[in-house]
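Hi everyone, thanks for making time.

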Amino acid sequence: MDLSNISISFEYGSGSEALRREVERNIKTILSTPKGTCPLYRNFGINMEMLDTPTIAAKNILTVAIIDAIEEWEPRVTVTDVSVEADAEGKMRAKVVVAIG
């Protein structure tokens, strides 16, 4: 699963452009880091347990993992929506909407 191509958007009126860029960069880093791979921060990132599960279950597990990771590691935002889509090959793409503040 490739989570480097995650789509992140903001609710209307959320923060300055510089803050949005910083938050977007942080969220992409959080979501592209497998949990357990960051020295000294073993809980940083998202759990990749969903890799060996059926697509429907994996989508649900990934949604929860995304929300939990963002809430833990980027406290400046609130996740307002997460949608995960899978193509015919099982590749998943996530869209995350956050509000700053």
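Predicted model: local features only at pLDDT ≥ 70, side-chain atom pairs only at ≥ 80, totals over all residues.

Okay, the core. In general, nonpolar side chains in soluble globular proteins tend to be buried together. Here, the largest nonpolar core has 24 residues. Which of them touch the most other members? Those are Ile27, Leu31, Leu62, Ile66, Ile70, Val96 and Val98. And where does this core come from? Strand β1, at 7-10, helices α1 and α2, strand β2, and strand β3, at 92-100, each supply at least two residues. Helix α2 gives the largest share, with six residues.

Setting aside neighbours within four places in sequence, Ile66 is in contact with Leu31, Val82, Ala94 and Val96.

Now the salt bridges. How many does the structure hold? There are three.

Let's take Glu22 and Arg76 to begin with. Their closest N and O atoms are 3.1 Å apart. Glu22 sits in helix α1, while Arg76 is in the loop between α2 and β2, which runs 77-86, so this pair ties together parts that are 54 residues apart in sequence.

Arg76 has another partner, Glu74, and here the N to O distance is 2.7 Å. Through shared partners, the salt bridges join Glu22, Glu74 and Arg76 into one network.

The remaining pair is Lys28 with Glu24, whose side chains meet at 3.4 Å, N to O. Both of these lie in helix α1, four residues apart, so to speak about one turn of the helix. Lys28 is partly exposed, with a relative accessible area of 33%, and Glu24 is partly exposed too, at 25%.

On to the loop. Helix α1 covers 17-31 and helix α2 covers 55-73, and Thr33 is in the loop between them. Is Thr33 buried or exposed? It's buried, with a relative accessible area of 14%. Not counting residues up to four places away in sequence, Thr33 touches Phe44, Gly45 and Ile46. For a sense of scale, Thr33 and Pro54 are 21 residues apart in sequence, and their C-alpha atoms are 22 Å apart in space.

Pro34 belongs to this loop between α1 and α2 as well. Pro34 counts as partly exposed, at 30% relative accessibility. With the residues up to four places away left out, Pro34 touches Phe44, Ile46 and Met48. From Pro34 to Glu49 there are 15 residues in sequence and 9.8 Å in space, C-alpha to C-alpha.

Then there's Leu40, again in the loop between α1 and α2. What is its phi? It's positive, about 70 degrees, although Leu40 is not a glycine. As background, most residues other than glycine have a negative phi. Leu40 is exposed, with a relative accessibility of 81%.

Last stop, the pocket. The idea is that rolling a probe the size of a water molecule over the atoms shows where empty space is left. The largest pocket has a volume of about 160 Å³. How many residues line the largest pocket? There are 13, and the ones nearest its centre are Lys35, Asn47, Val64, Ala65 and Asp68. By class, that lining has six nonpolar, three polar and four charged residues.

So, to recap with the structure still up: look for the 24-residue core, the network of Glu22, Glu74 and Arg76, Leu40 with its positive phi, and the pocket lined by 13 residues. That's it from me, happy to go back to any of these.

Terms used: Residues numbered from 1 in each chain as written. Heavy atoms only, no water. Buried < 20%, exposed > 50% of the residue type's maximum accessible area, 1.4 Å probe, protein only. Contact = heavy atoms within 4.5 Å. 1 Å grid on protein atoms, 1.4 Å probe; cavity = no way out; pocket = protein on both sides within 12 Å on 5 of 7 lines; lining within 4 Å. Points joined across faces, edges and corners; volume = space filled by probe spheres on them. Nonpolar A, V, L, I, M, F, W, Y, C, P; charged D, E, K, R; others polar. Salt bridge = Lys/Arg side-chain N within 4 Å of Asp/Glu carboxyl O. Core = buried A, V, L, I, M, F, W, Y, C linked by side-chain atoms within 4.5 Å.
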